[in-house]
2 protein chains.
Amino acid sequence: MTQQRYDRDAVRAILDRVREEGRSALTAPEGRTVAEAYGIDTPKEGLAETADAAVALATEVGYPVVMKIVSPDILHKTEAGGVLVGIGDDAGAAAAFASIVDNARAYDADARVTGVQVQRMLSGGHEVIVGAVTDPAFGKVVAFGLGGVLVEVLKDVTFRLAPTDAETARSMVDGIAAAEILRGVRGAAPANRDLLASVIQRVSDLVNDFPELSEVDLNPVLATEDSAVAVDVRVIVDPAAAVRPTAFTQEEILASMNRIMRPASIAVIGASAEAGKIGNSVMRNLVDGGYRGEIYPINPKAAEILERKAFASICDVPGDVDVAVFAIPAKFVAKALDEAGRKGVAGAILIPSGFGETGNHELQEEVVEVARRHGVRVLGPNIYGYYYTPQRLSATFCTPYDVRGGVALSSQSGGIGMAILGFSRSTEMGVSAIVGVGNKADIDEDDLLTFFEHDDDTRLIAMHLEDLKDGRAFAETAKRVSARKPVIVLKAGRTDQGAKAASSHTGALAGNDKVYDDILRQSGVIRAPGLGDMLEYARGVPLLPTPTGENVVIITGAGGSGVLLSDACVDNDLTLMSIPPDLDEAFRAYIPPFGAAGNPVDITGGEPPSTYRNTIALGLSDPRIHALILGYWHTIVTPPMVFAELVVDVVQEFRAKGVHKPVVASLSGDVEVEEASEHLYRHGIVAYPYTTEKPVAVLGAKYRWARAAGHVTGG
Amino acid sequence: MTQQRYDRDAVRAILDRVREEGRSALTAPEGRTVAEAYGIDTPKEGLAETADAAVALATEVGYPVVMKIVSPDILHKTEAGGVLVGIGDDAGAAAAFASIVDNARAYDADARVTGVQVQRMLSGGHEVIVGAVTDPAFGKVVAFGLGGVLVEVLKDVTFRLAPTDAETARSMVDGIAAAEILRGVRGAAPANRDLLASVIQRVSDLVNDFPELSEVDLNPVLATEDSAVAVDVRVIVDPAAAVRPTAFTQEEILASMNRIMRPASIAVIGASAEAGKIGNSVMRNLVDGGYRGEIYPINPKAAEILERKAFASICDVPGDVDVAVFAIPAKFVAKALDEAGRKGVAGAILIPSGFGETGNHELQEEVVEVARRHGVRVLGPNIYGYYYTPQRLSATFCTPYDVRGGVALSSQSGGIGMAILGFSRSTEMGVSAIVGVGNKADIDEDDLLTFFEHDDDTRLIAMHLEDLKDGRAFAETAKRVSARKPVIVLKAGRTDQGAKAASSHTGALAGNDKVYDDILRQSGVIRAPGLGDMLEYARGVPLLPTPTGENVVIITGAGGSGVLLSDACVDNDLTLMSIPPDLDEAFRAYIPPFGAAGNPVDITGGEPPSTYRNTIALGLSDPRIHALILGYWHTIVTPPMVFAELVVDVVQEFRAKGVHKPVVASLSGDVEVEEASEHLYRHGIVAYPYTTEKPVAVLGAKYRWARAAGHVTGG
């Protein structure tokens with residue numbers, strides 16, 4: 001936040017008046033006062049109550065002027081004939097005053113006319129928009145974009161969480177697609193980008209100080225080399241905008257989540273001996289999965305289930321219970337949860353559906369209330385359950401999963417959870433956890449992130465989500481966590497963006513998806529474009545060492561693959577190293593004279609294994625190179641498995657020497673390249689057959705994370 | 001072309017003068033005359049040779065005026081102080097004349113000063129750019145974009161082949177990203193789009209009539225509701241721009257290609273009995289592949305190869321030879337080709353490398369010359385060969401391929417060819433042909449397209465290419481062929497676009513890739529974003545029936561998949577049908593009360609097979625629905641293979657009744673969904689596990705083709 005002295009009292013006074021008068025919008029002069037109180041320049045202007053006063057004012061602010069009706073009863077000034085522009089002299093100002101007041105009376109005879117606003121008419125400079133909205137997920141969000149019709153048509157606007165720091169505000173000014181225009185192209189004078197960044201920060205401070213401001217819209221702001229003037233200021237007030245969801249502290253979250261993810265004992269409420277029942281599947285998966293804690297079946301009608309003593313109520317269980325898994329119909333949950341709460345469980349895993357997702361919101365709220373009363377955290381309802389492999393825990397009605405590894409995944413939807421499970425099993429992806437969050441009545445992604453942040457068994461977190469209950473908490477947590485571990489998000493539901501009608505107001509521009517996109521990026525999150533991508537990133541990113549610089553080199557046996565791999569680098573914001581002459585010469589020593597050094601390094605088809613080996617070794621050994629992309633071309637001289645083995649060999653040789661660089665590979669060839677790709681993948685080289693896009697996309701995801709987490713320096 | 005009467009003589013006179021004077025650029029007044037000759041308005045203006053004349057002219061055209069130096073020796077007028085704007089009265093005009101002439105003299109004492117151009121200074125309206133360039137691949141191309149700094153920064157510009165028809169010109173005006181701006185947003189006056197389209201057509205006609213015009217740049221054109229005035233006209237002349245590559249006629253192409261693809265006899269020049277040699281691999285593949293025509297090994301040192309009599313020279317072969325496959329070093333090719341030519345072969349398949357790709361352009365040109373002399377078409381050099389499964393023909397050093405089917409593929413690169421082969425074998429893709437075109441010394445993609453167009457065994461063509469020798473011939477052929485069969489293109493090498501410096505000239509805007517992108521689309525080609533996509537489109541698109549309308553319906557067991565499938569529809573320009581009330585009710589009859597009708601139709605998880613069956617049957621039977629996307633969620637109630645079999649069953653039932661709609665599916669679940677997806681795919685339902693993106697992308701590709709080919713009506 002800036003160290004600016006703001007006149008908060010002036011703003012408070014206006015907001016008090018607005019509240020007293022039961023209004024939700026500030027008048028233009030009020031908006032101007034609010035802006036000025038936060039050091040945002042507005043055009044010279046004043047309120048005239050008579051024609052003479054209008055002439056005097058116009059002379060004072062300087063011709064040409066714009067004159068506008070000021071009336072609490074007239075919202076659509078133009079429609080009411082209440083706006084006249086380009087008034088150039090005293091006679092014009094006097095006539096305009098009369099005309100505006102007459103028009104207003106004709107439009108609404110009962111309208112209270114406060115007077116006529118006389119404003120210096122500005123021209124020239126760059127037209128931009130600066131605003132703030134209250135997003136349903138993220139709360140206060142600031143917006144910046146080019147003004148005029150462009151912002152409407154091209155939606156070239158960017159968002160950040162408020163409050164913003166100076167660097168973030170500056171990143172907004174430089175972050176729109178048309179940013180170059182503000183630097184002054186083709187001889188046009190540039191805008192003062194520092195001044196624009198300061199306007200963004202001031203708006204951010206304003207909505208942060210007065211959270212009841214649901215929307216602030218400076219549109220347009222005219223920006224020149226030495227000024228940034230907010231020509232129109234629109235401010236909307238809504239007391240509801242000031243409400244922030246309550247949040248648990250990190251300590252509280254960890255205390256509960258540690259017991260939930262690493263329970264010493266689990267009760268299965270609704271455990272059943274009957275195959276096909278969910279309460280049977282859950283019991284079976286806990287047992288078959290190899291969970292080594294206590295398992296207590298809860299079922300009033302059974303003495304024993306799967307050779308374990310059953311209890312009529314969780315309250316009858318002799319020892320402590322950390323987690324209660326609910327496998328009973330929705331309508332019985334509240335009562336059973338009350339018992340579990342009294343027993344002191346840390347978490348209630350609500351598998352049943354029939355809550356919010358079917359419209360039964362009251363039941364869901366009731367359940368959360370019961371849980372809150374007992375300090376129980378609720379996972380779900382409407383979920384498949386959860387897996388945590390370090391505990392060999394499969395608390396789910398699906399099938400057990402036991403390939404341990406560093407990837408933690410969560411999904412909002414059960415179907416996506418099943419796709420995660422199937423993909424993991426098919427690719428033998430090492431997983432620490434798979435968690436269904438379902439309706440997210442309580443536990444949500446930021447609780448999980450906080451647990452995984454401190455979980456040494458988790459190296460990467462991948463989350464499928466459709467919405468965020470508290471986007472701000474998520475963004476803050478993700479920013480913290482992603483500095484340590486990659487966080488991948490598949491945000492589903494981008495289509496509602498299109499539904500919003502074209503409009504120039506910040507509020508309407510804050511299409512759901514663009515806000516998510518900007519803020520997830522700001523939080524260091526890697527956004528996956530689709531389900532397949534999320535899964536491939538999750539599998540591949542943790543295998544790749546973290547790059548320390550931007551210099552990527554392609555070494556390829558097939559020139560054609562080299563071109564496609566270069567295209568993929570562009571698509572994934574990767575930088576093809578511009579090879580210095582000595583390095584170029586070093587590569588040339590290994591490749592045929594008609595091969596191409598430069599980048600891609602084209603070793604040409606038909607080369608023996610030694611050419612691949614030598615060039616890859618050079619790429620790994622030269623400290624100026626930070627990552628390698630390999631293109632393999634199937635030949636008799638270097639068959640697929642020979643290639644795969646030599647690559648594994650040389651990469652491991654360098655890893656043993658402490659050289660850790662990400663290496664990915666695209667294999668072109670007959671079906672043997674599938675086995676070769678698998679061999680490479682198993683040894684930490686992310687490799688795919690028949691595609692140049694996928695290996696580069698995974699490397700690109702790694703880079704996006706590495707940059708955001710501050711590991712990559714220079715270019 | 002418009003029926004406009006153009007003053008071609010006026011243009012010819014100017015171009016003659018320009019040629020005589022050895023210039024390559026027209027002066028501003030010349031450019032204006034050329035534009036006016038083609039009915040393109042320019043600002044009122046004139047050339048003044050004295051200050052008095054300047055004043056008279058300014059009065060005539062109307063103040064304010066712009067005045068500019070006219071000198072054949074001064075190219076950079078502004079730099080020379082030769083441009084003054086906003087001159088408002090007679091005194092100003094007189095002073096400006098003196099000042100401009102003085103400045104010019106000071107800038108270059110030897111400059112010949114023709115006079116000073118006095119031009120009405122226009123303002124208001126929309127600033128656009130209309131131009132034409134001579135593209136190295138496509139020849140004359142017209143461009144349209146928003147003018148001003150926007151066109152520089154956002155590169156919002158679109159291209160079409162010249163000459164354009166009225167509809168195409170109009171599609172350019174409406175086809176830029178910011179097209180809405182020209183319709184007049186937020187109360188701004190619209191531009192006259194018909195008038196702009198007519199300017200595009202006039203420029204198109206101009207460069208078509210005078211192909212030596214290498215570049216025409218109307219920048220800006222000021223467009224209002226009733227005018228479109230080209231403020232600046234820049235014209236560049238280059239006699240080389242008029243040269244068009246010679247082309248074969250369709251009949252010539254077909255005559256040769258039919259013999260090449262369906263040869264009765266093949267000679268292998270450099271056939272060898274020694275395993276590991278290319279001449280041995282080619283022989284072996286021809287034999288093992290099951291080719292039933294005559295095979296003649298040519299080798300002066302062998303009597304017999306693979307039990308076939310060998311000949312010292314192709315001239316010694318007793319019967320006719322249709323195709324000669326060359327498996328000899330580059331340096332021997334020309335001589336052997338001469339013999340093959342004398343023997344009367346239709347095609348020479350040049351496997352060897354060592355030609356243009358290694359810098360040996362003369363040798364390549366020599367070979368082409370030999371071939372031309374004999375009327376032989378050349379495939380390659382620097383290729384793996386080619387496959388044509390209807391003839392069981394594997395004329396390649398790779399391995400045979402025999403899964404017959406309707407997909408013809410070609411690749412410019414050998415590596416990509418191997419990826420095609422491997423993918424085909426792995427997925428059992430039915431293929432008619434795989435052809436390597438390599439250096440494209442002669443036969444290129446439009447020759448192949450022409451053959452495949454008439455080949456009843458080919459239903460879809462997929463081509464990997466890095467450049468086009470004659471983009472215009474390709475575009476024209478592709479437009480014709482794609483009206484009958486889908487043409488998929490993977491255009492590699494998009495990165496050179498970034499290399500061009502920012503500039504507002506049409507020439508610099510014609511970044512290679514954007515021109516390719518627009519013209520491929522104009523030709524009805526489906527452009528694949530990557531190698532994997534090209535292969536998946538090739539495999540899936542021919543299996544799907546052609547949709548007849550835009551109404552796509554998603555039926556899903558997993559709400560989460562439904563959201564992701566909807567996102568994928570947006571990404572692929574598919575239209576989710578807005579379900580009419582009666583249809584909504586009909587769906588509701590089959591799904592649980594808490595399921596969601598609308599679109600996606602969410603049948604909810606845990607439903608029995610009958611729910612999937614009933615809703616899918618409804619989707620197939622209702623004629624208002626044109627395509628189905630299925631989302632499957634693995635449950636015990638409807639296991640993966642049960643789902644797959646019921647879908648195949650119901651789809652086949654409707655196909656038997658003559659209902660052919662494309663159906664694609666995304667399967668979420670444990671590993672059993674992989675087998676289920678394969679079962680679906682084998683039965684014409686394009687299905688994938690663990691991804692919502694891929695099935696929708698293939699459907700999107702089918703739609704793009706179906707729309708371009710005119711099969712899809714309404715929305």
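Mentor: In the contact between domain 1 and domain 2 of chain A, 20 residues of domain 1 touch 19 residues of domain 2, where contact means heavy atoms within 4.5 Å. The model is predicted: local features need pLDDT of at least 70, side-chain atom pairs count only at pLDDT 80 or more, and totals for chains, interfaces and linings use all residues. Residues are numbered from 1 along each chain as its sequence is written, chains are lettered from A in the order in which they are written, and side-chain values use heavy atoms, with hydrogens and water left out.

Domain 1 of chain A spans 8-120 and domain 2 spans 126-242; these bounds come from an automatic or database domain assignment. Taken over C-alpha atoms, the centres of the two domains lie 24 Å apart. Together they bury about 1,600 Å², of which 65% is on carbon and sulfur atoms; buried area is the accessible area (1.4 Å probe) that two parts lose on being put together, summed over both.

Three salt bridges cross this domain interface, a salt bridge being a side-chain nitrogen of Lys or Arg within 4 Å of a carboxyl oxygen of Asp or Glu. Side chains of opposite charge can pair when their charged atoms come close. A:Glu212 and A:Arg12 form a salt bridge, with 3.0 Å between the closest N and O atoms. The interface of domain 1 and domain 2 of chain A also holds eight residue pairs in polar contact, both residues at pLDDT 80 or more. A polar contact is a pair of N or O atoms within 3.5 Å; within protein, one must be able to donate a hydrogen and the other to accept it, and residues adjacent in sequence count only if both atoms are side-chain atoms.

On the domain 1 side, helix H1 (8-20) and helix H2 (28-37) of chain A each supply at least two residues. Helices (H or I, at least four residues) and strands (E, at least two) are DSSP runs, numbered from the N terminus. H1(A) provides the largest share of that side, five residues. By class, the domain 1 side has ten nonpolar, five polar and five charged residues. Here Ala, Val, Leu, Ile, Met, Phe, Trp, Tyr, Cys and Pro count as nonpolar, Asp, Glu, Lys and Arg as charged, and the others, Gly among them, as polar.

The wider setting is the contact between the chains.

A rotation of 180 degrees with 0.0 Å of shift along its axis superposes chain A on chain B, with an RMSD of 0.0 Å. That is the relation of a two-fold axis. The superposition is by least squares on the C-alpha atoms of residues with pLDDT of at least 70 in both copies. The copies meet through the same surface, because 100% of the interface residues of chain A are also interface residues in chain B.
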